[in-house]
Amino acid sequence: MAALPVFRWHLAPDGYATRRQLRAAGLRPGGQDVAATLERPRRRRAPLVAHLYRVDQAVPVRPMTPARWAALAKANAARRLCPQCRRDAGYVVPASLGTCVPCAYPRPHDPSRSA
């Protein structure tokens, strides 16, 4: 197996793109293998590496179906539910806290929260 071509930061030729660049163009890799790598040098550390894919072999992103939209809405609603007080927090519950902010930092005289 031949080694992948390695390009320096901002010096990749046309026809190659990262996953994010493909997604911004409405494309996805579509099962193709990584075609090249892009390296961004850093001082005293290993370089940052990005995988590049061939744009001409990319395929369009699959459209969202009503069932996929419903599943996404259900997953996002579950992320907003506080496991301690079982209320919709109105935001995604931080993983660092594990609960909504009022449950994580209760006020001493807050009658609406019972901890």
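Is Cys100 buried or exposed, and what is its relative accessible area?

A: This is a predicted model, in which local features need pLDDT of at least 70 and side-chain atom pairs count only at pLDDT 80 or more, while totals for chains, interfaces and linings use all residues. Residues are numbered from 1 along each chain as its sequence is written, and side-chain values use heavy atoms, with hydrogens and water left out.

Cys100 is buried, because its relative accessible area is 2%, and buried means under 20%, whereas exposed means over 50% and partly exposed lies in between (1.4 Å probe, protein chains only). Cys103 is buried too, with a relative accessible area of 13%.

A disulfide is a covalent bond between the sulfur atoms of two cysteines, and here it is counted when a pair of cysteine sulfur atoms lies within 2.5 Å. By this rule there are zero disulfides: for Cys100 the nearest cysteine sulfur is that of Cys103, 3.5 Å away, and Cys100 is in no disulfide. Cys103, in turn, has the sulfur of Cys100 as its nearest, and is in no disulfide either.

Thr99 lies in the loop between helix H2 (66-80) and helix H3 (101-104), where helices (H or I, at least four residues) and strands (E, at least two) are DSSP runs numbered from the N terminus. Thr99 counts as buried, since its relative accessibility is 12%. Leaving aside neighbours within four places in sequence, Thr99 is in contact with residues including Cys82, Val93 and Ala104, contact meaning heavy atoms within 4.5 Å. The side chain of Thr99 also reaches the backbone nitrogen of Ala104 at 3.4 Å.

Notes: A polar contact is a pair of N or O atoms within 3.5 Å; within protein, one must be able to donate a hydrogen and the other to accept it, and residues adjacent in sequence count only if both atoms are side-chain atoms.
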